[in-house]
Amino acid sequence: FAGATAPGAQRALAARSEARDWFAAAIAHDHSGRVDEAVVAYLCAIKANRTMGPAFQFLGNLELRRGRVKEAFLCFREELRLLPDHARRFRPHAAGVPAIRLLLEHFDRDRAAARAGPPAGGAVP
């Protein structure tokens with residue numbers, strides 16, 4: 001039975017490795033000032049591994065530096081979904097930055113809903 005899942009496991013390992021390679025390239029591009037190339041590489045890392053929270057974090061930081069608040073917000077929201085402990089990095093800024101306050105409101109609402117579970121009767125809205 002182990003052989004039945006081996007190809008799937010191998011594909012998953014290959015995807016994670018590809019994501020790490022893209023992520024490393026993105027960081028190198030970003031540090032060298034090649035912002036457009038960095039964005040493409042971060043997006044390729046995310047495509048290879050949709051659960052790579054740091055790729056969303058770094059892409060969000062880059063988008064924020066470029067003044068693209070909406071794109072940064074969406075990246076940070078996904079970062080927090082994948083890495084809930086990262087909320088602590090945003091909390092000190094919530095009072096002075098409306099977008100971060102909104103991000104944390106969404107995060108706190110989503111976490112409360114997840115803890116509450118499905119509505120009574122098992123119906124899903």
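The crossing of α4 and α6 is right-handed, meaning that the near helix is turned clockwise from the far one by less than a right angle. This is a predicted model, in which local features need pLDDT of at least 70, side-chain atom pairs count only at pLDDT 80 or more, and totals for chains, interfaces and linings use all residues. Residues are numbered from 1 along each chain as its sequence is written, and side-chain values use heavy atoms, with hydrogens and water left out.

**α4 and α6**
- Helix α4 covers residues 69–82 and helix α6 residues 98–116; helices are DSSP runs (H or I, at least four residues), numbered from the N terminus.
- Their axes come within 10 Å and cross at roughly 30 degrees; axes are lines fitted to C-alpha atoms over the stretch in contact, and angles run from 0 to 180 degrees between N-to-C directions.
- That angle makes α4 roughly parallel to α6 (under 35 degrees).
- On the α4 side, Val69, Phe73, Phe76, Arg77 and Leu80 meet residues of α6, including Leu102, Phe107 and Asp110.

**Glutamate 78**
- Glutamate 78 lies in helix α4 and counts as buried because its relative accessibility is 16% (buried means under 20% relative accessible area, with a 1.4 Å probe and protein chains only).
- Beyond its neighbours within four places in sequence, glutamate 78 is in contact (heavy atoms within 4.5 Å) with Arg50 and Phe56.

**α3**
- Buried residues in α3 include Phe56, Leu59 and Glu63.
- After α3 comes glycine 67, with a positive phi near 80 degrees.

Technical notes: Helices (H or I, at least four residues) and strands (E, at least two) are DSSP runs, numbered from the N terminus. Angles under 35 degrees count as roughly parallel, over 145 as roughly antiparallel, 65 to 115 as roughly perpendicular and the rest as oblique. Buried means under 20% relative accessible area, exposed over 50%, partly exposed in between (1.4 Å probe, protein chains only).
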